[in-house]
Amino acid sequence: MNIQESIHNGIQLAFQNIFNHDLPLEQISLAPTRKEFEGTYTFVVFPYLKVSKATPEVTANLIGEYLKENVAEVAGFNVVKGFLNLELNNMIWVDVFQKLFANENIGQLPANGQKVMVEYSSPNTNKPLHLGHLRNNFLGFSVANILEANGYEVIKANLVNDRGIHICKSMVAYQHFGNEETPESSGLKGDHLAGKYYVIFDQKYKEQIAELKEKGQSEDEAKKNAPLFLEAQEMLRKWEANDEEVVSLWKQMNTWVYAGFEKTYQRMGVSFDKYYYESDTYLLGKDIVTEGLEKGVFFKKENGSVWVDLTDEGLDEKLVLRGDGTSVYITQDMGTADLKYDDFGISKSVYVVGNEQDYHFDVLFKIMRKLGRPYGEGLYHLSYGMVDLPTGKMKSREGTVVDADDLMQEMVDTAAQHTKELGKIDGFNEEQAAELYETLGMGALKYFLLKVDPKKRMLFNPQESIEFQGNTGPFIQYSHARIASILRKAEQIGVEYKQADFSKVNKVEESESSLIYLLNDFEKKISQAGLDYSPAILAQYLFDLAKEYNRFYADLPIFLENDPTILAFRVALSAHTAKTLRKGMQLLGIAVPERM
RNA sequence: GGUCCUGUAGCUCAACUGGAUAGAGCAACUGCCUUCUAAGCAGUAGGUUUCAGGUUCGAGUCCUGACAGGAUCACCA
């Protein structure tokens, strides 16, 4: 039993014995005591005054006395107004640590037998990935890791948007202006090559619109009548009719784009277990429309279009199939939801998609629940906010985006420059140095994007956003490297700490107990991060932990300690902190170096 | 216009889900490297939590109404 549990039990017994009141365990909550007061945990008694029929002070004192008498861990207490601060026997931190230290497999909760799919990334194959995709990918990958640590079996999925009018735009532009250019001949990554023609399409398209307007057409007419636009539409029709030439160009460009994406994913450090392609799934969902009509969940209008009425849920009527019998976006998504379930038997399905699609997913999930899908309650939209630039919103078509590949390279270059300035590469060969720069640059970038609550929109200022000091990835990486250095020294001078028995440790300093308190919180934080689908909770925890360690590090110089038992204890404390940092950062998808 | 999200120190973010005197980092200022890595540590300064009401022992957190920013409401995806 851990400390909190035994205090919880003690409080329950106290209520039974003193007030003759049955207080369910799950209603008892302990808060950490604020720094200004003596104690470790605080129990707030205000809510129970009706039960105790006494003043806050009297109530708190009665419970405090009972806990002091009957709960071994509680050494004393003090009462401030209605706050009961419990002072623990300092030595219990040694026991707490001993148990943590013995756990080989920290940060992994027992399997819960449930399968969850995390869909993220979901790129369009007409352009390269940008800053917004970085947030999406890092979030998705990290949440997948966190759910796995919470005991789920996780399937990471990528639903590639490889068809549609926007893809045809790149293709049309390539046909006209491509001159047989290839990634090899141009030296461009395949995804950047496709993106180049997407931008060209937009430029030429705008020119044509301007020409038509000069000839007297309205803006809307011009947009619909521009030759390039008509060509793109025609190409989509041909693609759907399986036209050989169009399909072959489509395949050719896709091959290039996927090769480019693969490199980007590799550098990001993300991976997928399953790829879905919209070119395969875009016709799915029509059978669900039929099913919905039969079940009376959907209804048909005079022109043959099919709708769902969600007014009882506070939404509107939504179209699920066009009058001509063709699909809309949501038709396909209904089909894909079923496909995922049929493929894997998942009980939960997480969609990592930007918050501009909040309404869409609200509708989709309500429909699937109305249809009585077994996975209906497990559908979750992990909605995240946009990444804004100081100059405003990013637009791929206009080329005002921060490109993912460029940004990652820039971060790694900055890390390299920074590291050299600090003179930290003595003893590194070229390959090791390059690896370190990669670790630090990517660590800084990932941490920057993950430390913020996903649902909040965030500002990215390329000039000054990413720091290497303070609440940053490199700060945590640095703390780890520091400990690694201590462990090397301990190894060198032969400190035995790995199998040590710390029961003879007879004093615990404040900076030690604070550190153990935090180390003890690790699994709770993983669980919280899983429930909230929020890597930010974990990021914040790891920063606090690294900071607490650095305080301990400055406070108690380990190798100056004369008592060998305490010295070993402190080395062990360091080793376990390093392990926790490493594991936690791994859940964020961030590597930690042994030296830096 | 309807719906949803956000609003906390100059800037970027926290606040254990309603608890005590709202905390970190950056930027500014002051100390600390002949002792384990100074990408660090200790400290100073910085706040009417957008505003106005309400609920209660207690509100940054819940409710109502303003204000500001954003998203969305297509037989687009």
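Of the 72 residues around RNA strand B in this predicted model, those that come nearest are Phe-46, Tyr-329, Asp-453, Gly-470 and Tyr-478, where a residue is near a molecule or strand if its C-beta atom, placed from the backbone, lies within 6 Å of it. Because the model is predicted, local features need pLDDT of at least 70 and side-chain atom pairs count only at pLDDT 80 or more, while totals for chains, interfaces and linings use all residues. Residues are numbered from 1 along each chain as its sequence is written, and chains are lettered from A and ligands numbered from 1 in the order in which they are written.

The surface near RNA strand B has 31 nonpolar, 21 polar and 20 charged residues; here Ala, Val, Leu, Ile, Met, Phe, Trp, Tyr, Cys and Pro count as nonpolar, Asp, Glu, Lys and Arg as charged, and the others, Gly among them, as polar. Among the elements that each supply at least two residues of this surface are strand 1 (30-32), strand 2 (41-44), strand 4 (83-88) and helix 18 (473-492), and helix 18 gives the largest share, eight residues. Helices (H or I, at least four residues) and strands (E, at least two) are DSSP runs, numbered from the N terminus.

| Strand pair | Sense | Bridges |
|---|---|---|
| Strand 3 and strand 4 | antiparallel | six bridges |
| Strand 5 (residues 115-119) and strand 11 | parallel | four bridges |
| Strand 11 and strand 12 (residues 379-384) | parallel | six bridges |

On one side of strand 11, Val-116 stands opposite Lys-348, and Gly-354 has Tyr-384 in strand 12 as its bridge partner. From strand 11 the chain crosses through helix 15 to strand 12, in a β-α-β crossover that is right-handed, a term for a path from the first strand over the helix to the second that runs clockwise with the strands pointing away from the viewer.

Conventions: Two strands pair if DSSP finds at least two bridges between them.
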